[in-house]
Amino acid sequence: MSEPTRETVLPPDTKLTTTKQRWAEEGRFLTGRVARADTERLPPGQHLVKDWPVLDLGLTPQVTPTNFRLDVTGAVENRLSLGWDDFRALPQSRNVSDIHCVTTWSRYDNTFEGVATRDLLDIIRPAPHAAAVMLHSSDGYTTNLLLEDFAAEDALVAHSWEGAPLTREHGGPVRLVVPHLYFWKSAKWLKGIEFIARDTAGFWEARGYHMRGDPWAEERYSDD
Ligand SMILES: Nc1nc2c(c(=O)[nH]1)N[C@H]1C(S)=C(S)[C@@H](COP(=O)(O)O)O[C@H]1N2
Ligand SMILES: [Mo]
């Protein structure tokens, strides 16, 4: 029950399969995480909510499928600039995950649908020196992730929640969802994924929040 399920909606292609097999052989993106018991599903210091609160900087950009663009830049073999139709033509995945916000609310069993970050990584192929990503959003927000966290099995560049398009207040048309880290890492109104050689602080990370943000280790704030 605590393990997220992932289901590939479109058939995987063979290049995808061979790349993933190579990653398995190399042990790439291994996080060292271990499965948690159901009793440990709620991270320390969190409480459950049934609704889905809205949290952001207070700007709500008007991004539509018409003006949507997602750029993949930096230390990658294949840079991309995707319009809406390009993005929707990528392999689609759906999974169920829990949300943990650093302000202490958690929400269980959210069905998100979108492009698995692993499928995106197969296409863009990070350079050997790529160590982290900086996510850029249309409201000026940024947040950083280590490459292995971005590549988590259940991480999605999501466009839908509970079978319906993500609403504008929740980051629609496209946001990141990285379920194993605090939700501030899940950038709303995503417009850019920049691959970088060194993990660098984003908006909250430069303002006292932890560089990684693992809820089970209570990595809420930076030590210094
Ligand atoms: N672009 C953008 N993404 C963002 C934020 C933001 O201010 N701007 N806030 C973050 C924080 S602190 C949280 S808790 C979640 C909240 O997402 P929600 O409003 O869909 O619950 O979005 C994260 N992603
Ligand atoms: Mo947050």
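A residue is buried if 20 or more other C-beta atoms lie within 10 Å of its own, exposed if 12 or fewer, and partly exposed in between, with C-beta atoms placed from the backbone. Keep that in mind as you open this predicted model, where local features need pLDDT of at least 70, side-chain atom pairs count only at pLDDT 80 or more, and totals for chains, interfaces and linings use all residues. Residues are numbered from 1 along each chain as its sequence is written, and chains are lettered from A and ligands numbered from 1 in the order in which they are written.

Select Val157 first. It lies in strand β9 (strands are DSSP runs of E, at least two residues, numbered from the N terminus). Valine 157 counts as buried because 24 other C-beta atoms sit within 10 Å. Beyond four places in sequence, the contacts of valine 157 (C-beta atoms within 7 Å) include Leu120, Leu176 and Leu190.

Next, widen the view to the largest nonpolar core, which has 44 residues; such a core is a set of buried Ala, Val, Leu, Ile, Met, Phe, Trp, Tyr and Cys residues joined through C-beta atoms within 7 Å. Val133, Leu156, Val157 and Leu190 have the most contacts inside it.

Move on to β7 and β8 (142–146), which pair in the antiparallel sense over five bridges (pairing takes at least two DSSP bridges). Leucine 135 has threonine 143 in β8 as its bridge partner. In the hairpin's four-residue link, look for glycine 140, with a positive phi near 90°.

Notes:
Contact = placed C-beta atoms within 7 Å.
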